[in-house]
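I opened my notebook to go through this structure piece by piece. Come along and keep the viewer open while I look things up.

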Amino acid sequence: MIRFDQVVKRYGNTTAVDRATFTVERGELFGLIGPDGAGKSSMMRMLVTLLLPDDGTITLDGHDVVADYRFVRRNVGYMPGTFSLYTDLTVEENLQFFANVFGTTIQENYHLIAEIYEQLAPFKDRRAGALSGGMKQKLALCCALIHRPLALILDEPTTGVDAVSRAEFWSMLRRLTTTGITIVVSTPYLEEAALCDRVGLINDGRLMQIDTIGGIVASYDHALWRIDADNTRTALQVLREHPAARAAYLYRSSVMMSTDQELDPEHLTHELLRSGVTGARVSRAQPDIEDRFMDLMLEHA
Amino acid sequence: MTPTATIVADRLTRRFGSFTAVNAISFEVRRGEIFGFLGANGAGKTTAIKMMSGLLMPTEGTAMVGGFDVSTEAEQVKRSIGYMSQRFSLYADLTVRENIRFYGGIYGLKKAVLNERAEHLIRDLGLDAEADRLVGELPLGMKQKLAFSTALVHDPAVVFLDEPTSGVDPITRRQFWEMITAAADRGTTILITTHYLDEAEYCHRISVMVDGTMAAYDTPSAVKSTLGVHTMDEVFLKLTRTSP
């Protein structure tokens, strides 16, 4: 449904998107995941024809987004990172407006938005500017869906949103994919990768890995150790200097250390004690997506 | 009030018309403690932080911050605190060095002291080569680390961190937490809000606000065991889903 082929975007001397290549299948929920400034928004803005690529090609359902931008504009629903509806129109007027612009009616595609819009219906005469954050987001999603697009492009819809509202938003997206719509969503929250069919991990303009979350975590090929101690910060300093350590980080109330070789936990405990770290407990830890992401960052640095 | 408490809130309340944003919350944060101030959007966190920073008068109740009363000694409170948020902290069109001097100057640091601290801070952050570059040109992660150090330049008793790690990469996020932990070990009291629930586990104690009240207030592990759950996500869902 969506194909990026060696896509490049530069701003002056900065390469915001560096030869991005990936495809998104019809009906797939695809995540673009990475920190602020990684290039997620630039990729999305090129896809929805708001920005021209400097190199490479992007197609939507076989149509080139530059040459055939009219097709693309008719067939994508785009929700930008900042709230972009008309704050001085009511909820219903906004929806009506977007339906009209795309030459359709609210009634014609109501089934697509019914479940979300029902939660907004009690406020249909309220001006969009006076809605709460969660309600604004639901309205924006309805407006992006009302013309029955082939693909829905959502730029960081869950950023700054609390954990409960985030979970609700993701379950809405999951239900939408059952209608066959293709969804591309960006997020800085790495753990949200688990809610996508597949994700692309992005940092510094580069797509570092594209896979399912299972595939991404499984590709972590180092040993990961969790070390708890009476004084975590001292333990961290000692472990950073350890000859076997690839990297050591403070993580929650523990130290996480990665190594390329097996370690004897008991031996490490003794070593730590000799360096003045008391109460050390060493155990093997399961890597998660953050561990893999950090690893990829080091590989690409 | 325990002798080591830097923040003491006693039935702290704020109403806006008929709406009670913060409803009689009482809690203490000790010197050198990292306190996670959690809650859903709209639960009252920002209103509570504004009162504790001397920016908003309580309707009822009191809060003492760094030994000063937020209702009657708001100016002294403002001088005793540091503040950093993701949205606004540094001036993008000033250089690294200018930003540090600007903040230190506002807090009345003497020129000699300020110069020394600025150079020290630049060295600690490894920013020697970037000291005369505009902050707007720095990568986000570096900006956030600089903003945190700048919020500490006047050696405040308490620093309020409002979603400081939002949108930063995981390596920077962990480095950032290392800086927070180091500052706490030096005796600075940290009050932090975050939407990354795993970050609650870095905190010594946390509170979870729900509809203006404190629905939980304890160590992360005690909060989890009291609710009979294993993760912070579950804590959050359990506490905030009960409200309409």
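My entries follow, and I kept in mind throughout that this is a predicted model.

**Entry 1: chain B as a whole**

I began with the overall make-up of chain B, whose secondary structure comes to eight helices and ten strands. Its radius of gyration is 18 Å, close to the 18 Å that the globule rule gives for 244 residues, so chain B is as compact as a globular protein of that length. For a box around its C-alpha atoms, taken along the principal axes, I noted roughly 50 × 40 × 35 Å.

Next I looked up burial and found that 57% of the 244 residues in chain B are buried.

**Entry 2**

How many bridges join strand 1 of chain B to strand 2 of chain B? I found eight, with strand 1 and strand 2 (residues 19-30) running antiparallel. As one pair to click on, B:Ala9 stands opposite B:Phe27 in strand 2. The two strands form a hairpin with two residues between them, and B:Gly17 in the turn has a positive phi of about 60°.

Strand 1 (residues 5-16) of chain B also pairs with strand 4 (residues 60-65) of chain B, in the antiparallel sense and over five bridges. I picked out two of the partners: B:Val8 is bridged to B:Met64 in strand 4, and B:Thr13 to B:Glu60 in strand 4.

From strand 4 of chain B I moved on to strand 5 (residues 68-69) of chain B, which runs antiparallel to strand 4 and is joined to it by two bridges. Here B:Val65 has B:Phe68 in strand 5 as its bridge partner. Strands 4 and 5 of chain B form a hairpin with two residues between them, and B:Gly66 in that turn has a positive phi of about 60°.

**Entry 3: a sheet in chain A**

In chain A I found an open sheet of four strands in the order 2-1-4-5, with antiparallel pairing. Strand 2 (14-24) and strand 5 (63-64) of chain A stand at the edges with a single partner strand each, so one side of each is left without a neighbour in the sheet. Strand 1 (residues 2-11) of chain A runs antiparallel to strand 2 of chain A, and seven bridges join them. In one of these pairs, A:Lys9 has A:Val17 in strand 2 as its partner.

**Entry 4: helix 8 of chain A**

Which residues of helix 8 (residues 232-240) of chain A are buried? I listed A:Thr232, A:Ala235, A:Leu236 and A:Leu239. Seen down the helix axis, the buried residues of helix 8 fall within an arc of 100°, so they line one face of the helix. A reminder to myself: an α-helix has 3.6 residues a turn, so residues three or four places apart point the same way.

I then looked up what covers these buried residues. From chain A the cover includes strand 11 (223-228), strand 12 (245-251), strand 13 (254-259) and helix 9 (265-274), and from chain B it includes helix 6 (170-185). At the start of helix 8 of chain A, a side-chain oxygen of A:Asn231 reaches to within 3.1 Å of the backbone nitrogen of A:Arg233.

**Entry 5: two loop residues and a helix residue**

I looked at A:Thr104 in the loop between helix 3 (91-101) and helix 4 (110-120) of chain A. Is A:Thr104 buried or exposed? A:Thr104 has a relative accessible area of 10%, so it is buried. Leaving aside neighbours within four places in sequence, A:Thr104 is in contact with A:Ala99, A:Asn109, A:Ile146 and A:His147.

B:Ala40 is in the loop between strand 3 (34-39) and helix 1 (45-52) of chain B, and at 15% relative accessibility B:Ala40 counts as buried. Leaving aside neighbours within four places in sequence, I found B:Ala40 in contact with A:Asp162, B:Lys45, B:Met209, B:Phe236 and B:Thr240.

B:Leu237 is 197 residues apart from B:Ala40 along the chain, with a separation of 9.8 Å. B:Leu237 lies in helix 8 (residues 232-241) of chain B, and at 29% relative accessibility B:Leu237 counts as partly exposed.

Definitions and conventions
Residues numbered from 1 in each chain as written. Chains lettered and ligands numbered in written order. Predicted model: local features only at pLDDT ≥ 70, side-chain atom pairs only at ≥ 80, totals over all residues. Heavy atoms only, no water. Buried < 20%, exposed > 50% of the residue type's maximum accessible area, 1.4 Å probe, protein only. Arc of directions from axis to C-beta. Contact = heavy atoms within 4.5 Å. Polar contact = N/O pair within 3.5 Å; in protein donor to acceptor, adjacent residues only side chain to side chain. Rg over C-alpha atoms; globule rule 2.2 N^0.38 Å. Pairing = 2+ DSSP bridges.
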